[in-house]
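Have the sequence and the 3D view open as you go through the points.

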Amino acid sequence: MSLAEEMDTVTDVAAGSVERHATSSTFESTAPATGAVVGMFPVHDPDAVAETVTQAFAAAELWAGLGFDGRRQRLDAYRGYLARRLHELADLVHRENGKPHADAILEISLAIDHLAWAAGHARKALGPRRVRAGLLAANHAAYLEYQPLGVIGVIGPWNYPVFTPMGSIAYALAAGNAVVFKPSEYTPAIGAWLAAAWRAAVPDAADAFQVVTGFGDTGAALCRAGVGKIAFTGSAPTGRKVMATCAETLTPVLMELGGKDAMIVDDDADVVAAADAAVWGAMSNGGQTCIGVERVYATAAVYDRFVAEVTAQVRELRPGSDDEATYGPMTMPSQIDVVRRHVTDAASAGARVITGGTDPDAFPGEGYVAPTVLLDVPEDSAAIREETFGPTLTITKVRDAEEALQRANDTSYGLAGSIFSGSKSKALDLARRMRSGMTSINSVLTFASVPALPFGGVGDSGFGRIHGEDGLKEFTRAKAITRQRFALPTNPMSFRRPANTADQLARIIGMVHGRHR
Ligand code: NAD
């Protein structure tokens, strides 16, 4: 298909999904590798966002009314539609985000698997159930269920433009909500494609998933539009702004923010496997991964071997936009300056740059950053403390795994991390004490591909969870119901209770609980 034909396809898709609401201006999305226009999209203003959300609320009633089975059937149809068009979507992701086609396929495959899990497990996680009424309400039946919030506003980033928002969209829909999604201004065509695919696959609930496009102001308008919750994925500074805007209307928020994830390589680790995982974790997607490996702490016993292995593997990498390239260009051009600043600062503070770096030679072309490995980086430098979000890796020698853990935890972020160790019990102990929402042992990023596991961070990495049962519950409110089955001879919660009721109650409580010391 020629570029012109491809653009027509994307524009058609956009027309079907995002141009239904009047707006005064538009913006272009361009391919980071070539600068070619991918599509033209409306800048949805507050009125257009409000109109979309109103439609979504109407759709939400219908969608919730379908029940778990009706929703599952339609979510299954959506995943089938996506699976049949996997290559078409991967082409668009490759063009608009820049990542290699193969990585786009991996990303979309993960998203489809999460869709299947969310649809298949919603009833069990959220459906009505009886719970034990307990001692004080033994004459009652107690019921618990998790009800949808109505409309969820999803604000997404550009780095995993399918997988990341789908972690909220799939779980919010499965829980019975409608969704209005504001994709990143760098990847609006992908967002529009996802919504158009929904309309095609689920025509009888088309408005249950809609897209609005634009910049930060459009996202802020979504925060103010009266949605039941905002699921935000992006940087910590923007997250703070989103929370402040949501505070105006007491709209609850889920915050999936940045990270500065560390890998610990212990004395008895498989060094070659650890190096392979570190290089993939740091450099794939051009390092533009919230759960990417940015720091490694390797014990003195393995440090030299690990550095040699990483160096050898990194030399095999080649950024580019062709099919053989190992990773693509930086999707957001301004991120190149951040990466350059971190590398330059580290080098001037005494770090050794063993591959890549800031030389013009090391930046292989406009929009690309060479894979960069830094040794001996001072712990107070930006390359250790701030999210770099580029294909860089710092490797630091430590005495032992305890020192590695202490340094890994010494950050304001706490998204994920990894541990390479030959000892299962030691690795599990370290993983439990790692201050992060997720940790993988002897691999990297694996938790993201396990739908049953919740995904989210602590500290500056945010709060709340997508994925798993927690991710389904995140988009609901718990509803508690009791039903009196029979009346007791005396009701302690009545003004007509006998005078000795409280004494009797105190005696029972003393018998049941008083023996515990
Ligand atoms: P960003 O914070 O610049 O933008 C994210 C989204 O917020 C975009 O859609 C943007 O238009 C919107 N936005 C900007 N200003 C806004 C405002 N005032 N009100 C409402 N919305 C506003 O982030 P980015 O550059 O698109 O993405 C990269 C960041 O996302 C990195 O920090 C990365 O670590 C993080 N991220 C986190 C996760 C996770 O799951 N924790 C996943 C992917 C990316």
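1. Let's begin with T396, which sits in strand β14, spanning residues 392-398. Please keep in mind that this is a predicted model. T396 has a relative accessible area of 8%, and buried means under 20%, so T396 counts as buried.

2. What does T396 touch, once residues up to four places away in sequence are set aside? Its partners are V296, Y297, A298, Y303, E379, I384 and R407.

3. Next, have a look at I419 in strand β15, which covers residues 417-420. The relative accessibility of I419 is 0%, and this residue is therefore buried.

4. I441 is among the contacts of I419 beyond four places in sequence, and the others are I264, A427, L430, A431, M434, T439, S440 and N442.

5. Now for a pair of helices. Helix α4 (residues 86-97) and helix α5 (residues 101-126) have axes that come within 8 Å and cross at roughly 125 degrees. An angle between 115 and 145 degrees is neither roughly perpendicular nor roughly antiparallel, so α4 and α5 are oblique to each other. Their crossing is right-handed.

6. Which residues bring α4 and α5 together? On the α4 side they are L86, H87, L89, A90, D91, V93 and H94; α5 contributes H101, A104, I105, E107, I108, S109 and I112. Sorted by class, this contact has 8 nonpolar, 4 polar and 2 charged residues.

Definitions and conventions
Residues are numbered from 1 along each chain as its sequence is written. This is a predicted model: local features need pLDDT of at least 70, side-chain atom pairs count only at pLDDT 80 or more; totals for chains, interfaces and linings use all residues. Side-chain values use heavy atoms; hydrogens and water are left out. Helices (H or I, at least four residues) and strands (E, at least two) are DSSP runs, numbered from the N terminus. Buried means under 20% relative accessible area, exposed over 50%, partly exposed in between (1.4 Å probe, protein chains only). Contact means heavy atoms within 4.5 Å. Axes are lines fitted to C-alpha atoms, for helices over the stretch in contact, and angles run from 0 to 180 degrees between N-to-C directions. Angles under 35 degrees count as roughly parallel, over 145 as roughly antiparallel, 65 to 115 as roughly perpendicular and the rest as oblique. A crossing is left-handed if the near helix is turned anticlockwise from the far one by less than a right angle, and right-handed if clockwise. Ala, Val, Leu, Ile, Met, Phe, Trp, Tyr, Cys and Pro count as nonpolar, Asp, Glu, Lys and Arg as charged, and the others, Gly among them, as polar.
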